Amino acid sequence: MKRNLFFVLLIFIGFNLNAQKSGIEFFFVKNYKNLNSDCKYCFDLQTAQLDSAPILNEEDIKNFNWKNQQIILTEKGKHKFTDLKIPLSGLPLVITLNGRKIYGLWFWNEVSSFGCNRVITFPTIDFKIQFGLPRKNTYGKDPRFDKKLKEYVISKYNQKNL
């Protein structure tokens, strides 16, 4: 009897862990390693240490327009930015899909005059995800168009296959 209860408990824990890692999630990066001295905003995705809980998850996303690379938040999602202080040099995050790290990006302060040569978004303005600020200020390959993420977004948000 105890053994059966133990297995049921393990299965329950497994489902809960899997449920926490489903869909699109955004995690703040607690600690990261810079990949290149020429690129202040590059960091190693694989070794980046993420917060234990996401700042945004599926419940916070009303729509993700793949073509425009813009996320529309629910009211609950918008509320998460009410007290968030984004430094002028940005806040690093990682977007995940079903628990898999897809790419790193930066939440950017709307009054910052700093440039960024990686992926950024202004979550308090329009949450349009862009590569480089200003636009021609880029370093490396644009990671925003991951194939698995595209397939997921198109099917989840009922968009035409772009």
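User: What should I know before we start?
Analyst: This is a predicted model, where local features need pLDDT of at least 70, side-chain atom pairs count only at pLDDT 80 or more, and totals for chains, interfaces and linings use all residues. Residues are numbered from 1 along each chain as its sequence is written, and side-chain values use heavy atoms, with hydrogens and water left out.

User: Why is D60 called buried?
Analyst: Buried means under 20% relative accessible area, exposed over 50%, and partly exposed in between (1.4 Å probe, protein chains only). D60 has 0% relative accessibility, so it counts as buried.

User: Where is D60 found, and what does D60 touch?
Analyst: D60 is in the loop between β4 (49-50) and β5; strands (E, at least two residues) and helices (H or I, at least four) are DSSP runs, numbered from the N terminus. Contact means heavy atoms within 4.5 Å. Leaving out residues up to four places away in sequence, D60 touches I55, I72, L73, T74, K76, G77 and K80.

User: Which residues of helix α3 are buried, and what do they pack against?
Analyst: In α3 (residues 147-156), the buried residues are L149, Y152, V153 and I154. They pack against β1 (24-31), β5 (61-65), β7 (91-97) and β8 (100-107).

User: What makes D146 a cap for α3?
Analyst: A side-chain oxygen of D146 lies 3.2 Å from the backbone nitrogen of K148, at the N-terminal end of α3. A polar contact is a pair of N or O atoms within 3.5 Å; within protein, one must be able to donate a hydrogen and the other to accept it, and residues adjacent in sequence count only if both atoms are side-chain atoms. Just after α3, N158 takes a positive phi of about 50°.

User: How do you know that β1 and β7 pair?
Analyst: Two strands pair if DSSP finds at least two bridges between them. β1 and β7 have five bridges, in the antiparallel sense. F26 stands opposite I95 in β7.

User: Which strands make up the open sheet, and why are β4 and β10 at its edges?
Analyst: The open sheet has six strands in the order β4-β1-β7-β8-β9-β10, with mixed pairing. β4 and β10 (130-133) each have a single partner strand, so one side of each is left without a neighbour in the sheet.
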